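Reader: I should like to examine the helix geometry and the charged contacts of this structure. May we proceed step by step?

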Amino acid sequence: MPLRVVVAGATGVVGRTLLPLLRDRGHHVTALVRHADRLDGAVSVDDVAVADVLDPPQLRRELARVEPEVVIDQTSGFGGADPDEGLRRTALLRENGARNLVDAAVAVGARRIIGQSMTAAYRPHGHDVLDEESPLWTEAPGCWGDAVRALAAMEEAVLTRPGIEGIALRYGALYGPDTQYAPGGAIHARVCGSELPLVDDGVGLTSFTHVDDAAGAVLELLTNGEPGTYNVVDNEPAESAEWLPAYARMAGGPAPVSLTMDQARTQLDWLTVHQLTEQRGATNFRLRETLGWRPAWPSWREGFASLFGLWAA
């Protein structure tokens, strides 16, 4: 049954992947953007709503005009050159922007809202691969702690607001075309410039999510699935000692150098050290078992290979 769907963050890497898939399913799709000129001719939608999610009156006016049944939040502040600024902007959007979007969605009678979260926000615990019942690391230090607390606030707004069904999708490290892992992206540049080393034994786990699978999970949850949180990740959480050399090889870059923990702490930012040494991966068991969802890219190996036009890792 066709739905009236609003996608906030329509110009982001997941949003641009999602828009044509929604239209192919016959849904009436409205792109919610801050500036109309952000949508180029390659993105086809039924309507454009121009509003800033940080401007509640403007946002409510536009949603009232569109009358969506489902609101999808894919907003992000990443994309600039400064990672800390990206974290701060994303924290603002996740906390205040998401709350405004939930308020507006409820006010105009939408029946479901789907928000974007991330598995990297889980509190590290031993060597476990974590599920949706695992706590977020809200006491983490620095800008990362601010970002995780904002995510927790976003999830609370989405999941606990009466009058609407709320779903929070926790993505892994997003990769695919136009992401930081693609040629020309930030991770690609760091790896090819020997700026992303292995640290000690490299046991930090990363769960990856191809943008195709992020968009595919949104499609599955437009009407299906119980409200709640779902990890949207591939089947193979990988230690940095495994995925980083493989990525470097496929990208045609040098093998990553090795640093001791003491060296890493003086040469790298805290968040990078955390990701490479103690971050935990996540399981997609809930999504697979409750909806029968399967990732189109079950392993980052095939996904990375596709980025570089390779048939195999």
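Reader: What distance should helix α4 (residues 142-160) span, and how far apart are its end C-alpha atoms?

Author: The model is predicted. Helix α4 holds 19 residues, and at 1.5 Å a residue it should span 27 Å. The computed separation of the end C-alpha atoms agrees with this expectation, being 27 Å.

Reader: Which parts of the chain does the salt bridge between Arg 112 and Glu 165 tie together, and how many residues apart are they in sequence?

Author: The side chains of Arg 112 and Glu 165 meet with N and O 2.9 Å apart. Arg 112 lies in strand β5 and Glu 165 in strand β6 (residues 165-171), so the pair ties together parts whose separation in sequence is 53 residues.

Reader: Which residue forms a salt bridge with Arg 286?

Author: Arg 286 is in helix α10 (residues 285-291), and its partner is in the loop between β5 and α4, 154 residues apart. With closest N and O atoms 3.9 Å apart, the partner is Glu 132.

Reader: How many salt bridges does a search of the whole structure find?

Author: One of them joins the side chains of Arg 111 and Glu 69, at 3.3 Å from N to O. Others share partners and join Asp 47, Glu 62 and Arg 65 into one network. The search of the whole structure gives a total of 14.

Definitions and conventions. Residues are numbered from 1 along each chain as its sequence is written. This is a predicted model: local features need pLDDT of at least 70, side-chain atom pairs count only at pLDDT 80 or more; totals for chains, interfaces and linings use all residues. Side-chain values use heavy atoms; hydrogens and water are left out. Helices (H or I, at least four residues) and strands (E, at least two) are DSSP runs, numbered from the N terminus. The expected span of a helix is 1.5 Å times one less than its number of residues. A salt bridge is a side-chain nitrogen of Lys or Arg within 4 Å of a carboxyl oxygen of Asp or Glu.
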